[in-house]
Amino acid sequence: MAAAQTIRDAKLVQYLTEAYGNEKQLESALEAHIAMTSRAAYKKRLRQHLTETKRHAREVEKRIKRLGGSSTLGEVAASAQGLAGKALAAAQGPLHAVRGTGEAEKELKNAKTEYASEAEEIATYAAIEALAANVGDRDTERLARAIRREEERMARYLERLIPTLSRAVATAEIPARERNGGRTRRRRATARRSAPRKRAARTQKARSR
């Protein structure tokens, strides 16, 4: 007969169940975003992270079972939350497909959504890591730390990418005369202000000869 699940393990299962649901939701969202992305390097990184996300879900599910989740509502809740997350992501996919006025803006908004998702994932695994450390579950602590670090790498990638995508929106959707107009006006104003000083300097130099 299997031993009864402890309060400690039940709490860990609760947190891991939340993480599992997040991974399944992100999995579906990434699949939708990959289909909408034409930028080669960005698409490649999303595919890599989709592979990581699927692995995260498998590893978290295994950990839930090892902590007794299979004999409690933990596994059932994880499955239900995963299905709910997939349904939500599937519903969001068509909405994401029409966001923005062009392809560049669509990619920018998707990257911003992904960045927000990574922040939530990082917070979730940081909480699991700290909880596991405080209750002496080294296996869960190591798993949470390893996943958190991969989520942080993805977040850093997106943080670097977002300004590039924003510049692409400016290039694609704002005429060059309007993009450069502000800088041109500032240069002209600066030139007008400096012209009298330059003329005075030339006059002074001529007199001194």
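Start by selecting helix α1 (residues 7-36) and helix α2 (residues 40-66): the two pack at an angle of about 155°, and their axes lie 9 Å apart. Axes here are lines fitted to C-alpha atoms, for helices over the stretch in contact, with angles running from 0 to 180 degrees between N-to-C directions. Helices (H or I, at least four residues) and strands (E, at least two) are DSSP runs numbered from the N terminus. So α1 and α2 come out roughly antiparallel to each other; the cut-offs are under 35 degrees for roughly parallel, over 145 for roughly antiparallel, 65 to 115 for roughly perpendicular, and oblique for the rest.

Keep that pair on screen. α1 passes α2 in a left-handed crossing, meaning the near helix is turned anticlockwise from the far one by less than a right angle. Colour the contact by class and you get 11 nonpolar, five polar and nine charged residues. Ala, Val, Leu, Ile, Met, Phe, Trp, Tyr, Cys and Pro count as nonpolar, Asp, Glu, Lys and Arg as charged, and the others, Gly among them, as polar.

A word on what you're looking at: this is a predicted model, where local features need pLDDT of at least 70, side-chain atom pairs count only at pLDDT 80 or more, and totals for chains, interfaces and linings use all residues. Numbering runs from 1 along each chain as its sequence is written, and side-chain values use heavy atoms, with hydrogens and water left out.

Show side chains for Y42, L46, H49, H56 and V60 in α2; they meet E107, N110, A111, E114, E118 and Y125 in α4, contact being heavy atoms within 4.5 Å. By class, that contact holds five nonpolar, three polar and three charged residues.

Now move along to helix α4 (residues 103-135) with helix α5 (residues 138-173), whose axes come within 7 Å and cross at roughly 160°. α4 and α5 are therefore roughly antiparallel to each other, in a left-handed crossing. Their contact divides into 20 nonpolar, two polar and 15 charged residues.

Finally, zoom out and colour by pLDDT, the predictor's confidence in each residue from 0 to 100. The mean is 83, and 69% of residues reach 70 or more. Select residues 71-75: pLDDT is below 50 there, and the stretch has eight contacts in the model beyond near neighbours in sequence.
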